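Please keep the coordinates open while reading.

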Amino acid sequence: MGVRGLQGFVGSTCPHVCTVVNFKDLAEHHRSRHPECTPSVVVDAMCCLRYWYTPESWICGGQWREYFSALRDFVRAFTAVGIKLIFFFDGMVEQGKRDEWVKRRLKNNREISRIFQYIKSHKEQPGRNMFFIPSGLAVFTRFALKTLGQETVCSLQEADYEVASYGMQHNCLGILGEDTDYLIYDTCPYFSIRELCLQTLDTVMLCREKLCESLGLSLADLPLLACLLGNDIIPEGMFESFRYKCLCSYTSVKENFDKKGNVVLAVSDHIDKVLRLHQGEKKLEEILPLGPNKALFYKGVASYLLPGQKSPWFFQKPKDTITLDRQIISMSSDPESKQEVPVHMNPESKQEIPMCTDPESKQEVPMHMNPESKQEIPMCTDPESKQEVPMCTEPESKQEVPMCTDPESKQEVPMCTHPEMKQKLPVGTDPEFKLEASICTNPEIQQEDPMNMGPETKQLVTMVSDPEILKVARTHHVQAESYLVYNVMSSGEVDCSNTLEDELDQALPSQAFIYRPVRQRVYFLLLGDCKGGTPSLKILWLSQEPGVQARRLDTLLACFNLSSSKEELQTVENPFKALCCLLIYLFVQVDTLCLEDLHAFIAQALCLQGKSTAQLVNLQLDYVNSRAVQLGSLLVRGLTTLVLANSACGCPWRMSDFMPWNVFDGKLFHQKYLQSEKGYTVEELLEQNRSRLTKFHNLKAVVCKACMKENRRIVGRTHWNSQHTGRWGRQGPGSHRTSSGYSRSGQGQPWRDQGPGNRQYEHDQWRRY
């Protein structure tokens with residue numbers, strides 16, 4: 001989101017900050033000045049996703065062939081003029097920005113509700129003003145760019161800092177994105193993706209020097225201005241009264257000034273005319289109404305300081321330098337309050353990151369400030385509920401125990417389940433499992449509190465004790481070769497964004513809930529430390545011994561509870577093998593999926609193989625069905641779950657087999673769904689292509705046979721309606737299954753209260769190992 005109000009201010013009050021430039025001209029000028037290096041642009045990919053997604057249709061689950069083609073055109077345009085692109089993706093959500101992240105997710109939920117209201121009323125896709133990016137777009141964009149041969153980086157914190165730091169340190173041509181934070185960082189030039197014309201490579205450069213001239217400030221003042229205006233770290237209401245006082249004072253001096261005024265000008269004037277009088281002599285808390293938010297404010301200002309940069313607004317004392325494993329951590333200190341803002345040097349990117357760091361494992365632990373106790377509490381976030389849950393400390397052991405929240409019941413479940421067992425169990429695990437999630441603490445490390453640098457020592461907590469495995473996971477994460485694995489292993493924390501699903505549709509369970517058993521098994525695998533029958537990660541990830549590849553596949557199938565279907569799946573050719581795995585899981589898990597749904601899923605995958613991008617672009621739908629929208633999104637979310645499981649198991653399957661441009665097209669699936677619903681024959685679904693007919697029946701047989709092994713018979717909608725006359729609600733707090741006829745149930749029930757439409761799983765899914 002960036003700095004509140006700054007984008008509108010620049011557009012309305014300071015348009016001269018924006019200058020039209022041409023990338024080809026900039027590249028030629030850069031080569032003349034630096035003939036030894038290739039002109040490069042560092043791209044904030046998360047800012048660019050909605051601008052890259054140019055296909056007209058977005059409601060049906062994604063037009064992935066079209067999207068891949070658009071990305072290829074984007075890369076080619078810059079390559080043609082000799083510009084190298086480096087793409088950065090967010091690898092985590094910083095705890096300081098968590099509240100803002102949650103607000104955005106809740107806002108997205110409201111937008112999604114309005115989208116489904118529109119679909120039900122108009123039977124068509126809403127206009128671009130209601131555009132919502134397809135599920136999994138960020139995940140699959142990483143792999144698409146790597147397929148296109150591009151340098152792709154996944155950050156170890158939110159990407160904007162790493163983007164700004166990389167641009168400064170590598171003398172880049174500039175930063176391409178859409179975030180006013182890039183006007184605040186003192187780094188290379190900032191270009192707008194929104195204003196980019198790909199055909200001419202013209203765009204707008206936003207000049208921070210011209211902004212400073214307009215505001216009467218220096219570049220070093222911009223971080224202070226950003227925090228006083230509010231950003232992702234500083235809550236909106238924190239300085240609301242302060243900004244109002246600045247505005248009143250400013251407008252009283254400017255007689256002809258619009259009484260509504262401009263907050264940016266008013267706050268800048270206060271910095272220039274009032275705060276600067278005490279610069280370097282008084283601490284910020286003495287000249288600003290920081291109150292109990294002092295630490296947060298210092299952290300906010302420091303978050304804009306790139307390697308080697310200082311803020312003149314920090315009251316300085318001689319710098320303390322701590323050397324940890326060849327990493328230099330510099331402290332800007334307040335001698336009275338001992339208020340220090342540490343920065344950690346990332347050894348790979350050479351970027352300073354405000355973090356708490358284990359010098360052995362390089363493990364960063366984000367911290368959250370408890371406003372009452374003034375103590376920082378490591379936070380664990382449930383991947384679906386998007387809620388922060390504090391780490392619970394057991395009074396006797398003083399052991400920090402990660403807490404997770406059940407996304408449906410909203411109940412906190414500690415990973416430490418019994419005070420005498422001293423056993424750390426992941427959420428949803430029966431104590432009999434004895435599957436230990438190791439929490440490694442290094443008592444020898446004197447770790448300073450990053451918010452209140454007192455004499456207290458803290459133990460650094462990591463989720464995995466093996467530094468070699470953590471290093472491998474970290475490398476794969478940074479190189480964008482895995483998905484969520486390092487987040488789970490490093491902090492026990494994953495984040496998952498919104499997806500298109502109708503919360504009012506009671507016939508389909510939530511997508512998060514459907515895939516939760518798979519995620520839980522992956523968590524066991526990554527955190528289990530070989531307990532409970534889980535295979536060794538060293539074997540799965542590093543071993544080249546004969547037979548290991550088969551064990552990787554066994555582990556992957558176990559994550560989906562499909563080991564009994566291994567023989568059937570081995571007969572399926574690529575790229576349909578992974579798709580069949582996903583379909584079997586879905587149809588076993590969700591009883592409301594019927595034979596017509598299966599026909600549509602298989603038919604679209606087969607027909608996709610013979611269609612060009614142009615044919616998919618020109619495909620027209622009779623109308624839009626809200627259930628088909630959800631099923632398309634459900635399948636794509638399943639593909640991201642496959643990427644997670646495949647990464648965790650050492651990649652027994654090629655990642656290309658899960659890439660949606662190879663197995664799924666939203667409009668094509670929607671067409672097949674509507675045709676299947678109308679009663680089209682299989683031949684009609686396959687567009688009278690006889691060569692596809694044999695493949696269709698083979699794939700259908702594999703799915704149906706595997707489902708029958710789990711006592712799940714897939715029937716047509718007509719037969720289903722005669723057997724099932726009721727409906728159920730999505731599970732909420734305290735809810736229970738309302739009809740046993742709608743849910744598959746297994747023995748043991750380790751996954752409590754799974755709710756309707758979901759199959760419960762056998763007790764020990766790892767016993768086969």
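## A covered helix

In this predicted model, helix H10 (residues 222–229) is mostly covered, with eight of its eight residues buried. The buried residues are Leu222, Pro223, Leu224, Leu225, Ala226, Cys227, Leu228 and Leu229. Their packing partners are helix H8 (181–184), helix H9 (208–215), helix H11 (240–253), helix H12 (263–273), helix H13 (284–287) and helix H14 (294–302). After H10 comes Gly230, whose phi is positive, near 105 degrees.

In soluble globular proteins, nonpolar side chains tend to be buried together.

## The protein as a whole

The protein has 29 helices and 21 strands, and buried residues make up 60% of its 769 residues. Among contacts between residues at least 6 apart in sequence, 68% join residues that are at least 24 apart.

## The seven-stranded sheet

An open sheet of seven strands runs in the order S1-S7-S6-S5-S2-S3-S4, and its pairing is mixed. Its edge strands are strand S1 (18–22) and strand S4 (151–154), each of which pairs on one side only. From one strand to the next, the twist averages 30 degrees.

Strand S2 (residues 40–44) is mostly covered, five of its five residues being buried. S2 pairs with strand S3 (residues 84–89) in the parallel sense over five bridges, and within S3 the bridge partner of Ser40 is Lys84. S2 also pairs with strand S5 (residues 174–177) in the parallel sense, over three bridges, where Val43 stands opposite Leu176 in S5. Elsewhere in the sheet, strand S6 (residues 190–192) and strand S7 (residues 202–206) pair in the antiparallel sense over two bridges, and Phe191 stands opposite Met205 in S7.

## Helices on the sheet

H3 packs on the sheet and touches S2, S3 and S5, its direction making about 80 degrees with that of S2. H6 also packs on the sheet, touching S3 and S4, and the direction of H6 makes about 155 degrees with that of S3.

How are helix H3 (residues 45–52) and helix H6 (residues 137–147) packed, and at what angle? Their axes are 11 Å apart and the angle is about 95 degrees; this falls in the range of 65 to 115 degrees, so H3 and H6 are roughly perpendicular to each other. In this contact, Met46, Leu49 and Trp52 in H3 meet Leu137, Ala138 and Thr141 in H6, and the residues divide into five nonpolar, one polar and no charged.

Trp52 of this contact also belongs to the largest nonpolar core, which has 205 residues and in which Trp52 and Phe297 touch the most other members. Not counting residues up to four places away in sequence, Trp52 touches Val43, Ala45, Tyr67, Ala70, Leu71, Phe74, Phe87, Thr141 and Ile193.

## An oblique helix pair

Helix H5 (residues 98–122) and helix H24 (residues 626–648) pack with their axes 9 Å apart, at an angle of about 140 degrees. H5 and H24 are therefore oblique to each other. Here Phe116, Ile119 and Lys120 in H5 meet Ser626, Val629 and Gln630 in H24, and the residues of the contact divide into three nonpolar, two polar and one charged.

How values were computed: Residues numbered from 1 in each chain as written. Predicted model: local features only at pLDDT ≥ 70, side-chain atom pairs only at ≥ 80, totals over all residues. Heavy atoms only, no water. Axes fitted to C-alpha atoms, helices over the stretch in contact; angles between N-to-C directions. Helix = DSSP H or I, 4+ residues; strand = E, 2+ residues; numbered from the N terminus. Parallel < 35°, antiparallel > 145°, perpendicular 65-115°, else oblique. Contact = heavy atoms within 4.5 Å. Nonpolar A, V, L, I, M, F, W, Y, C, P; charged D, E, K, R; others polar. Buried < 20%, exposed > 50% of the residue type's maximum accessible area, 1.4 Å probe, protein only. Core = buried A, V, L, I, M, F, W, Y, C linked by side-chain atoms within 4.5 Å. Pairing = 2+ DSSP bridges.
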